[in-house]
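Me: Hi! Could you walk me through this model? I'd like to start with the ligand and then look at some helices and strands.

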Amino acid sequence: MIYNQKEFLLLFGWNDSLGLHQKNLELNQLIPARVIVEEKHLYRVQVGIDQTMYAAISGPIQNQARKRADYPAVGDWVLISIPENSERGIIHHIMPRKTILHRKQIGSSQDAQILSTNVDTVFITTSVNDDLNYRRTERYLSIVRESGAQPVILLTKADIASDIQKIIRDVEIEFPGISVYAICHDEFEKSFFLFDYLKEGSTSVFIGSSGVGKSTLVNYLIGRHEAKTQEIRDDDGKGKHTTTSRHLYVSTCGGLIIDTPGMRELQMSDHADGVRDQFAEIEELAQKCKFTNCEHQVNQPGCAVQKSLLDQTLSATKWMSFQKLKSEVKYRKRT
Ligand SMILES: Nc1nc2c(ncn2[C@@H]2O[C@H](COP(=O)(O)OP(=O)(O)OP(=O)(O)O)[C@@H](O)[C@H]2O)c(=O)[nH]1
Ligand SMILES: [Mg+2]
Ligand SMILES: [Zn+2]
């Protein structure tokens with residue numbers, strides 16, 4: 001028995017355009033549900049405020065699926081039926097996705113791995129210990145920009161920094177236009193900015209390396225210790241990959257939050273557009289070089305990039321990241 005349907009739909013971010021889509025499909029007899037956990041071809045879906053169930057994909061979805069994106073992912077709205085006398089639902093349709101956060105699968109497969117869908121805000125979570133790495137942050141930014149979601153840089157473990165305000169300022173200078181916040185597990189309750197993002201009906205996801213404290217924050221935000229957390233390794237300060245699957249929760253602020261496993265590496269492959277977007281400033285500069293085939297090397301005559309590097313209007317780290325990302329994208333395009 002499904003109760004509180006309307007309240008559930010509001011809380012979980014259902015909207016009029018999804019309602020219209022369902023109507024146009026003439027699938028009004030099916031029940032909207034949101035995927036909260038993905039297991040091996042079995043999905044835990046939310047169907048009511050306090051009601052979840054397992055659901056499997058229908059035969060037609062299975063038969064027609066060609067790529068990863070044809071399967072449901074955490075964050076998806078799906079339409080399900082619940083066969084009589086069954087505790088398991090059947091997913092018949094995946095609703096259009098507002099945003100898709102993905103990266104390339106590690107290994108040989110080039111099929112994009114979906115990290116989550118229908119996300120409004122992506123918190124790029126990085127600890128202020130050795131994990132803080134501008135180049136990695138830039139890679140994260142690049143995939144977030146391509147997803148259509150809003151990126152926010154979240155610096156964790158502020159307590160271990162000697163001057164957190166300076167770190168915030170440095171990161172802000174490095175990533176102009178991106179909001180940067182610092183948090184600390186002893187003072188989560190002072191992180192008022194979170195209310196601005198975790199509004200009812202919205203979905204946010206925390207991504208970042210293992211051990212930066214994503215699940216610690218998620219537990220605080222859901223008001224209970226449900227997500228497993230674990231100390232980082234002594235020798236190199238890296239996490240132990242404690243969280244092993246993505247999981248969507250309702251936060252006490254009202255908004256939905258997704259905890260994710262720490263990422264081992266980010267492959268850029270398909271993110272050429274994201275790279276371009278993020279480095280628009282450099283692309284623009286390059287247009288001003290004297291020669292259209294300018295390679296922007298030192299001593300190249302009339303090179304606007306080199307000129308900006310010299311007078312420091314372009315940061316050297318940014319230029320290096322740009323070159324590195326470009327060569328990665330080029331490399332992936334070839335393979
Ligand atoms: N000093 C300090 N430690 C923290 C803070 N937040 C979390 N930690 C600790 O960092 C360790 C790792 O935290 P987790 O929440 O498990 O990290 P995670 O990002 O979820 O890691 P994965 O699930 O492996 O991706 C735990 O021992 C936490 O207690 C903080 O603000 N300050
Ligand atoms: Mg975790
Ligand atoms: Zn040039």
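Reply: Happy to! One term before we start: helices here are DSSP runs of H or I with at least four residues, numbered from the N terminus. Also keep in mind that this is a predicted model.

Me: Got it. Which helix gives the largest share of the shell around ligand 1?

Reply: That's helix H7, residues 214-222, which supplies three residues.

Me: And which residues come nearest to ligand 1?

Reply: Of the 24 residues around ligand 1, the nearest are Gly-213, Ser-215, Thr-229, Thr-243 and Gly-262.

Me: What's the shell like by class?

Reply: It has 14 polar residues, five nonpolar and five charged.

Me: Switching topic: is H4 largely enclosed or open?

Reply: Largely enclosed by the rest of the structure, because eleven of its 14 residues are buried. Among the buried ones are Arg-139, Tyr-140, Leu-141 and Glu-146.

Me: How far apart are the end C-alpha atoms of H4?

Reply: They are 20 Å apart. At 1.5 Å a residue, the 14 residues of H4 (134-147) should span 20 Å, so the two agree.

Me: What follows H4?

Reply: Gly-148, with a positive phi near 95°.

Me: Now the strands. How many bridges join S9 to S10?

Reply: Four, and the two strands run parallel. S9 covers residues 150-156 and S10 covers 179-182. Leu-154 stands opposite Tyr-181 in S10.

Me: Which helix makes a β-α-β unit with S9 and S10?

Reply: Helix H5, residues 164-174, and the unit is right-handed.

Notes: Residues are numbered from 1 along each chain as its sequence is written. Chains are lettered from A and ligands numbered from 1 in the order in which they are written. This is a predicted model: local features need pLDDT of at least 70, side-chain atom pairs count only at pLDDT 80 or more; totals for chains, interfaces and linings use all residues. A residue is near a molecule or strand if its C-beta atom, placed from the backbone, lies within 6 Å of it. Ala, Val, Leu, Ile, Met, Phe, Trp, Tyr, Cys and Pro count as nonpolar, Asp, Glu, Lys and Arg as charged, and the others, Gly among them, as polar. The expected span of a helix is 1.5 Å times one less than its number of residues. A residue is buried if 20 or more other C-beta atoms lie within 10 Å of its own, exposed if 12 or fewer, and partly exposed in between; C-beta atoms are placed from the backbone. Two strands pair if DSSP finds at least two bridges between them. A crossover is right-handed if, with the strands pointing away from the viewer, the path from the first strand over the helix to the second runs clockwise.
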